[in-house]
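Please keep the sequence and the 3D view open while reading.

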Amino acid sequence: MKVLRVSEDCLTFLTQSPGQTGEVHSTFERAVNLLFSSGVLMTIVSDQMDLAPMTFQVSKGSLKSLGWHPGMPVSSSSEGIIIGETHLEFSHAQKWTPMWSFDLPPSEQLTRAEMMKRLESFTKLLLIRGKPEGLLPYLCEARVLPHPGTCPADMTGNRYVDFIKGRLDQFSEAYRDGTEAGESRVITAFTRLVGFGPGLTPSSDDYVAGFMAASIRTPYGQVMNREKLLKRNQKLASRAKGKTTVISEAMLEHAALGHVAQKYDRLLELLCFETEGDLEAAALNALDHGDTSGTDFMTGAAAALMLALNA
Amino acid sequence: MAVQTTIRKNAYYDSVTLMLITKDLAKLPGVEDILVGMATELNKELAANLNLLTPELEALSANDFFVTAELSGEATMESLVNALDALLSAKKSSAGSSYRPASLQTALSNEPQLNMALISLPGRFAAAEVEKALDAGLHVMLFSDNVSIEDEKRLKEKAVSKQLLMMGPDCGTAMINHIPLAFCNVVKPGGIGIVGASGTGTQEIMSLIDQLGGGVSQVIGTGGRDLKSEIGGLMMLQAFEALIADPETNVIVLISKPPAPDVAKKVLDLVKDAGKPVVVDFIGGDRSAIEAVGAVACISLEDAARKAVALMRGESAPSDFAGFDVPEADIEALAAHEAGKKAPTQKYLRGLFTGGTLADEAMKLLGPEIGTIWSNIPLKPEEQLKDVKVSAEHTVIDFGDDAFTVGRPHPMIDPSTRSERIVKEAAPDVAVLLMDVVLGYGSHPDPAGEVAAQIREARENIAASGGDLTVIASVCGTEGDPQGLRASRETLSEAGAIVMPSNAQAVRLSAKIMKAIRDQGGEH
């Protein structure tokens, strides 16, 4: 079994912290999570899955057949990872670095009007093709967001949205406030919604991850300068500790820095920067993530971009 | 009623598993309300809000999995846990037991004798995979839709040049060498071969052939666009030629919506040299052109099945079947009886279909009898429903249309969209509700059971307002189907539906009832 591709932050982790020990945290058909004693969560995915932050991909279709189980010892070296008796070396793996187009000259970027147009068609697609069992109906019920246009007639909320929509409003509103008072408000709002909803990464966490990642990316209507925003996001993510699942905590930590799964990364590039590319294909690909996770992430991203472009 | 909780410490199930399990557990008898998830503080708060919080749940941490439920009657947490374990282990075994290669290449290197690929991917990725399969010498069934017509033409030309089948795109039904593929009914083997450009039309014919005592050799799908000029009927012709050459096929049935004239000519030219009886159902198409080449034309899917079975038995093709299995007088009496129970306001028909071709057939047969029929797949553009979620006067809906399926399973798999609509249609001006129930592999495990409660509720609602709702259903399926034809019909009858032997007969009975209502003084 070979390591096919690896995210850049995995390599950084191995270089900076060799000799770490840990254990297999959880196993799925096409993904295995490793939890190191330092608290770092690393994920192995099958050759059918996309990469994400702190993830590497191996040349196997099914990971269940490998016999790895929770609690199995794991250690790291500067060359790779050892699970039980299996050595996974990274030396020949292709490196994946998230896309960042902040520094593109303005002439090569989407104009505000073009970005708005893209956002509108993306939101329309999301409302039709997204899974309404999570937080998607919030887009049609939010008090603080511009109305997204035509909402499907059967998009009438659900028990999760009914419970959390007021708190999502508070979070979205507070996040847009770049003052110190805003920071305090957003932290309070975040702690009142983290870890909520269905899924292994609860819906509200997916929403916040999408919201933070899109807020970092947007070239228009930024809340504050990007460096400060990254710091504020990191503060938020640190408040998730113990309030949600370990897997979700890790996702939020990465999203706070704008680091998201490959399919989300591609979508955000097409929404915020790239003038060419198939937005619909990227959105459908991102929707196909977990059960409601893809939809909830995109709901958060759409909300953040709506607020930014209307600021 | 009692609220109880079960927990799994440090247990992780993927999101898709969790959602599917939640839906399955919620359907168990005695489960009044249920919440499944990870025990974060906020999920516990939600549980409290829903009156589902228990001391056990309160004590859990964010990495623990919980199921908390309000149970009534005989239901116990033990039975819920057993069901949960069964669902989890069923998922585990289904994921672990079957060989799941990561790529076509791996599959072929492990199983070099493979000669067919079933491809079901998002449309934008499908063409490339079909190309690989054809290059590897495999026949292809392409379930995906959203493949461009240019790609379809190119791929079908390649298939034809290699003497391969390329069924699809959007091909939902096939049976090759008696192996059912995708949505397919279990039929007896026999000498009737079918080429179909219509999924549920093909299923209706193959099921009726089976019910009439006939058997089927092959069912080859072509995809709905194959008989358009752009494609030129490439796969209809390829499949037709394959059945002509097939020694096990003695009678051939061709099914399609009316083809482009140039394509119809090519197909019918081939009939002349077929050397076997050919039944052609170009649903609503020109029968004179069909008969001119010596093929047998039909007036409905049922008529096609009846003619094919007669020809298979060496009999001459019977005259068009436009009647009923029971004496006409009984049908007239039934129509008069049903009409007699209606309130003066009840004058409209609503057709709620999961099968597109069955909806289309219903409109073609009903149109001359009742006039304008509003629909999401109208026969005339001016009869397009303005809002597919709101019926108007006489309405027929195809729930398999894109307007209802984007982001959701096809209603034959998950009939809930149609089930919910049944109750909504029980309005004071509605007299007749017409529907299909499609059985077979690929379909919901109990599609009749899925609509039974709604049929009861709809009829009760109308009865409460002093009227009477006639529900007429037909079941497309066979006794060999996993759901069982007889059991499905009984379920519908017990719910108060009149169950007819075919879609065509169900439609004709509906038309008679509507006429009887008009004759007794109503309007339409």
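## A buried glycine in a loop

Gly195(A) lies in the loop that links helix 5 (180-191) and helix 6 (203-217) of chain A. The model is a predicted one. Gly195(A) counts as buried because it has 28 C-beta neighbours inside 10 Å, and the cut-off for that class is 20 or more.

The contacts of Gly195(A), leaving aside residues up to four places away in sequence, involve both chains. In chain A they include Pro202(A), Ser204(A), Asp205(A), Lys243(A), Thr244(A) and Ser248(A). In chain B they include Thr40(B), Glu41(B), Leu42(B), Asn43(B) and Ala62(B). Gly242(A) is 47 residues from Gly195(A) along the chain, and their C-alpha atoms are separated by 9.3 Å.

## Helix 11 of chain A

Helix 11 of chain A covers residues 293-309, 17 residues in all. At 1.5 Å a residue it should span 24 Å, and its end C-alpha atoms are 24 Å apart, so the two values agree. Helix 11 of chain A is also mostly covered, with 16 of its 17 residues buried.

## Chain B as a whole

Chain B has 524 residues, of which 49% count as buried. It holds 19 helices and 19 strands. Taking the contacts in chain B between residues at least 6 apart in sequence, 69% join residues at least 24 apart.

## Strand 14 of chain B

Strand 14 of chain B pairs in parallel with strand 17 (residues 430-438) of chain B through 5 bridges, where Tyr348(B) is opposite Val430(B). Strand 14 of chain B also pairs with strand 16 (residues 395-398) of chain B, again in the parallel sense, over 4 bridges. In that pairing Arg350(B) is opposite Thr395(B).

An open sheet of 3 strands in chain B has the order 4-5-6 and parallel pairing. Strand 4 (116-119) and strand 6 (166-167) of chain B are at the edges with a single partner strand each, so one side of each has no neighbour in the sheet. Strand 5 (residues 139-142) of chain B is joined to strand 6 of chain B by 2 bridges, and Val140(B) has Met166(B) as its bridge partner.

Strand 7 (residues 173-176) and strand 8 (residues 179-182) of chain B run antiparallel and are joined by 4 bridges. Ala174(B) is opposite Leu181(B) in strand 8 of chain B. This hairpin has 2 residues between the strands, and Asn177(B) takes a positive phi near 50 degrees.

## Two packed helices in chain B

How do helix 17 and helix 18 of chain B lie relative to each other? Helix 17 (residues 447-464) and helix 18 (residues 485-494) of chain B pack at an angle of about 0 degrees, and their axes are 9 Å apart. The two helices are therefore roughly parallel to each other.

At this contact, Ala448(B), Gly449(B) and Ala452(B) from helix 17 of chain B meet Ser488(B), Thr491(B) and Leu492(B) from helix 18 of chain B. The residues of the contact divide into 3 nonpolar, 3 polar and no charged.

Key. Residues numbered from 1 in each chain as written. Chains lettered and ligands numbered in written order. Predicted model: local features only at pLDDT ≥ 70, side-chain atom pairs only at ≥ 80, totals over all residues. Expected span 1.5 Å × (residues − 1). Buried ≥ 20, exposed ≤ 12 C-beta atoms within 10 Å, placed from the backbone. Contact = placed C-beta atoms within 7 Å. Pairing = 2+ DSSP bridges. Axes fitted to C-alpha atoms, helices over the stretch in contact; angles between N-to-C directions. Parallel < 35°, antiparallel > 145°, perpendicular 65-115°, else oblique. Nonpolar A, V, L, I, M, F, W, Y, C, P; charged D, E, K, R; others polar.
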